[in-house]
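Hello,

Here is the structure we talked about. Please open it first, then read the notes below.

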Amino acid sequence: MSDAPMELAGESPREARRREFGVRLHELPLVIGLVVLWMMLWHEVSLLSVLSGLVIAVFVMRLFYLPPVELAGRFNVWHALRYLGYFVWHLARASWGVAWLAVRPGPVPTTSIIAVKLTTRSDFIMTMVALTNSLIPGSLVTEIDRFNSTLYLHVLNTPTQRELTQMRRSVYTIERLLVMAAGSKQEVQALT
């Protein structure tokens, strides 16, 4: 196998190098993050720690290759603000609810594990939905089935089917808000 970048059909070598440079440029935040992590581990900011961190970062990135996350290339500020408002409101409300469950007298709350099939196939949107649900107290994503776009959540205080339905509805709302904020045009059309 050659070390030259794989060219797409009909693409000139110059375009292939430019595309390859774009991928490298796209990896820059990861390199910076790994170098900062390296310096934090050594408790030292020096030229040697930056250079050694850079070498380690490039080595780790080539040894443990991760495919790049594909973004839709669109961002809607209004829907992003709606998502943020929804997240903050439910974060505060769920925090109070979990705190009340911890101090209230009575039996231990019932918990459940539920599967929620998402409509999106985007790794980015799926990850954001999972992170959002894990950050809101009372639910935790235990597993993600990437190929079937299914999240498995551990949900607190689910004595009846009504609470499970509300949790699924909440996950679908988060997914819809994130798709409207940063999803592709095809994903937005699939939701409507």
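Helix H2 (residues 28-42) has 15 residues, and at 1.5 Å a residue it should span 21 Å. Its end C-alpha atoms are 21 Å apart, which agrees. The expected span is 1.5 Å times one less than the number of residues. Helices (H or I, at least four residues) and strands (E, at least two) are DSSP runs, numbered from the N terminus.

A note on the source: this is a predicted model, where local features need pLDDT of at least 70 and side-chain atom pairs pLDDT 80 or more, while totals for chains, interfaces and linings use all residues. Residues are numbered from 1 along each chain as its sequence is written, and side-chain values use heavy atoms, without hydrogens and water.

Val 31, Val 35 and Met 39 are the buried residues of H2. They cover an arc of only 70° around the axis, so they sit on the same side of H2. The arc is taken from the directions from the helix axis to the C-beta atoms. Buried means under 20% relative accessible area, exposed over 50%, and partly exposed in between (1.4 Å probe, protein chains only).

The buried residues pack against helix H3 (47-63), with contact meaning heavy atoms within 4.5 Å. Pro 29, Met 40 and Leu 41 are exposed, on the face of H2 turned away from its buried side. His 43 follows H2, and its phi is positive, near 55°.

Now the salt bridge (a side-chain nitrogen of Lys or Arg within 4 Å of a carboxyl oxygen of Asp or Glu). The count is one. Asp 123 pairs with Arg 146, with the closest N and O atoms 2.8 Å apart.

Best wishes
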